[in-house]
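Please look over the structure shown here, and read the report that goes with it.

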Number of protein chains: 2
Amino acid sequence: MKSITIKDVAKNSKVSATTVSRVIHGNSKVSPKVREKVLETIKSLNYFPNENARAIVNKRTNVIGLVLTDISNPFYPTLLRGIENTINKSNFSMILCNTDENPTKEERFLRILLEKRIDGLIIVPTGPDISFLKTFEARNIPIVCVDRVVRNVETDSVVVDNFHGAFIATEKLIQSSHQRIAIIGGNKNIFTIGERFRGYTEALDTHGIVTNQDYIKMGGFTIEDYEQDTLNVFSLATPPTAVFSAGNLSTIGIYIALNKMKKKIPRDVSIVGFDDLVWVEALTPPLTAISQPIYQIGATSAQLLLQRMLHEGPSEKQNIMLSTSLVIRESC
Amino acid sequence: MKSITIKDVAKNSKVSATTVSRVIHGNSKVSPKVREKVLETIKSLNYFPNENARAIVNKRTNVIGLVLTDISNPFYPTLLRGIENTINKSNFSMILCNTDENPTKEERFLRILLEKRIDGLIIVPTGPDISFLKTFEARNIPIVCVDRVVRNVETDSVVVDNFHGAFIATEKLIQSSHQRIAIIGGNKNIFTIGERFRGYTEALDTHGIVTNQDYIKMGGFTIEDYEQDTLNVFSLATPPTAVFSAGNLSTIGIYIALNKMKKKIPRDVSIVGFDDLVWVEALTPPLTAISQPIYQIGATSAQLLLQRMLHEGPSEKQNIMLSTSLVIRESC
DNA sequence: TTGTAAGCGTTATCAG
DNA sequence: CTGATAACGCTTACAA
């Protein structure tokens, strides 16, 4: 099954491969007649240039890698669209990899991406030290960290002010005169979650509320975990009167548990959640939530990456922090 | 900035490039000593083979294309994971493209994927006639259609029994002694939605209920559309007593609208929805829903594609239809 | 077991 | 404006 190459087009058009190549990208001068003819046979032969061959001579693949933890987390699809819509304008494609927070998987993916010679990388790193990124750096392949940062190599980055978001979320609860405020969320070792936990603690501190260790349920992973955490914390002798949900999955678990316990929101329990996703408005009552500019996070990181890949923009690394806002609904 | 190539490794190991090549994929015989030496210098030079160069000689990229409408639709992330986890085992990577139901975008992506010489394609086609797929077919690039099918080329496919799912959903409502049943959903021209609409109609027919055109709100696109549709249909002089939500976005709109109208579910209105996503259980009350084996749809299509790419399995195209099930909760 | 040389599909250089 | 020719990084006969 011989594939049609530029030579076939050349032969059929009675010109050289060079000429065909020229009409294809259209930079160089080619006589109108010849161009016409070539275009014609390209069509008739149904010829499509081989990007891999191109890549090897141009040292450029027009592909970027997107490495994130799990596209199933409702945060990511919007992020991805922000990235994709931005890079598409410059004709880049994207290879997607899900690490599931597993550094081994992550390294394997990075290796594959490197071998495919991607032009740039956008990554939500599993941890603060990704040694393989050194290899990218050494080859001058631009890296943008999103949502989390890395400390062993200097990269551009786009994150959100998780600390402040959590702070105002917790403060909102305090201002609604709550004193016994629980926090339910995932693993604190994850950068964003750690920041949110800090924000929660700081808000309590600022308002002179002593943190009750029993009200801290950090370390869940699945919705079921969060559901159980909620059940547990509200079964305490002195249960909290409010809860800050540090992530979107925990919000689901909390609502499920509270529904099962027949607790009315906000009468019995107030809630503020992190992440304002489409379905939180369908909850009863609609969730008061911290909203992140998710799409924009994606678009911004893609812009940063494009700048680097096209060698535009400043040479110093940029570290952008976008801000969050509180969307008040009826759960608090 | 010269990149390190196989020749550098060869030179530094005092062997030929051929030998290096051999130790890299490990098929051919190489003396242990030489192998050792080569491996060593590969490490010390931090050499990584160039997959593009490889691709051009092997006529194989180890990349597949995944073309879907919009990863933001909560149906897709799970589908994607089913695909990814399956192809990763065979060391394939995936380029993701979102068409937004736009045939022009779709064609552009397909062209790009073709030029990148992907080994296989998984696609949720925007419509029933995607002419560009002919080009893939002509080049023997395997295609698997997911969730929807195409009629102008023969492909493997994996779909779900949308008709039957909608049928039993509607029937469930009827069996709860509803007669005035509305349907709210997206554009009927989309294969899956059309099938669901058929299922709804057929169920009514079967049970001798005449369909009331006023109860049919098909054509929404955004959550706001569905919210408005709900508002409208329940403002009718003789409003329905139940509603079948033909998609997950419509479910969100319906709950929002019903909440606003202070309608109690299921006391005032019963609901059955299509798609059993994680958050439907957090709704009040939890949604009775048609569940699709989303992950499995993905995994199955990836398996089909792998078979073709590795030239295993039967030569006749396979058209697989997976079944749905009704998950009963409290909204009906 | 190892190496030489040709070839994969492009593009860039340099003459003409 | 057009065409040889070399080069990109790798693999695979074919020889040795």
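## Surface near DNA strand C

In this predicted model, 26 residues surround DNA strand C, and the closest of them are Ile6(A), Ser21(A), Arg54(A), Thr19(B) and Arg22(B). Of the atoms of DNA strand C that come within 4 Å of the protein, 67% belong to sugar and phosphate. The residues of this surface divide into 11 nonpolar, 10 polar and 5 charged.

Several polar contacts reach phosphate oxygens of DNA strand C from both chains, as the following pairs show. In chain B, a polar backbone atom of Ser31(B) is 2.7 Å from a phosphate oxygen of DNA strand C. The elements that give two or more residues to the surface are helix 1 (6-13), helix 2 and helix 4 of chain A, together with helix 2 and helix 4 of chain B. Helix 4 of chain A gives the most, with 4 residues.

## Surface near DNA strand D

DNA strand D is surrounded by 25 residues, the closest being Arg22(A), Lys29(A), Ile6(B), Tyr47(B) and Arg54(B). Sugar and phosphate account for 67% of the atoms of DNA strand D that come within 4 Å of the protein. By residue class, the surface near DNA strand D divides into 11 nonpolar, 10 polar and 4 charged.

Arg54(B), by contrast, uses its side chain, with a polar atom 2.6 Å from a phosphate oxygen of DNA strand D. At least two residues of this surface are supplied by each of helix 2 (17-25) and helix 4 (51-58) of chain A, and likewise by each of helix 2 (17-25) and helix 4 (51-58) of chain B. The largest share, 5 residues, comes from helix 4 of chain B.

## Helix 1 of chain A

The buried residues of helix 1 of chain A are Asp8(A), Val9(A), Ala10(A) and Ser13(A), and what covers them includes helix 2 and helix 3 (32-45) of chain A. At the N-terminal end, the helix is capped by Thr5(A), which has a side-chain oxygen 3.0 Å from the backbone nitrogen of Lys7(A). Just after the helix, Lys14(A) takes a positive phi of about 55°.

## A buried aspartate

Asp147(A) lies in the loop between strand 4 (143-146) and strand 5 (156-160) of chain A. Asp147(A) is buried yet has no salt bridge, and the nearest side chain of opposite charge, that of Arg148(A), is 4.6 Å away. Leaving aside residues up to four places away in sequence, Asp147(A) touches Phe75(A), Val158(A), Val159(A), Phe191(A), Thr192(A) and Gln292(A).

## Salt bridges

Side chains of opposite charge can pair when their charged atoms come close. The count over all chains comes to 26 salt bridges. In one of them, Arg81(B) pairs with Asp100(A), the closest N and O atoms being 2.8 Å apart. Arg81(B) lies in helix 5 (residues 75-88) of chain B and Asp100(A) in the loop between strand 2 (93-98) and helix 6 (103-115) of chain A, so the pair joins two chains. Arg81(B) counts as buried at 5% relative accessibility, whereas Asp100(A) is partly exposed, with a relative accessible area of 30%. Both residues belong to a network of salt bridges that links Asp70(A), Asp100(A), Lys105(A), Arg81(B) and Glu84(B).

Within chain A, Asp276(A) forms a salt bridge with Arg329(A), with the closest N and O atoms 3.0 Å apart. Asp276(A) lies in the loop between strand 9 (270-274) and strand 10 (288-291), and Arg329(A) in the segment after strand 12 (325-327), so the pair ties together parts that are 53 residues apart in sequence. Asp276(A) counts as partly exposed at 24% relative accessibility, and Arg329(A) as buried at 17%. In chain B, the side chains of Lys134(B) and Glu137(B) meet in a salt bridge at 3.9 Å, N to O; being 3 residues apart in helix 7 (residues 133-138), they are separated by about one helical turn.

How values were computed:
Residues are numbered from 1 along each chain as its sequence is written. Chains are lettered from A and ligands numbered from 1 in the order in which they are written. This is a predicted model: local features need pLDDT of at least 70, side-chain atom pairs count only at pLDDT 80 or more; totals for chains, interfaces and linings use all residues. Side-chain values use heavy atoms; hydrogens and water are left out. A residue is near a molecule or strand if one of its heavy atoms lies within 4 Å of it. A polar contact is a pair of N or O atoms within 3.5 Å; within protein, one must be able to donate a hydrogen and the other to accept it, and residues adjacent in sequence count only if both atoms are side-chain atoms. Ala, Val, Leu, Ile, Met, Phe, Trp, Tyr, Cys and Pro count as nonpolar, Asp, Glu, Lys and Arg as charged, and the others, Gly among them, as polar. Buried means under 20% relative accessible area, exposed over 50%, partly exposed in between (1.4 Å probe, protein chains only). Lys and Arg count as positive and Asp and Glu as negative; His and the chain ends are not counted. A salt bridge is a side-chain nitrogen of Lys or Arg within 4 Å of a carboxyl oxygen of Asp or Glu. Contact means heavy atoms within 4.5 Å.
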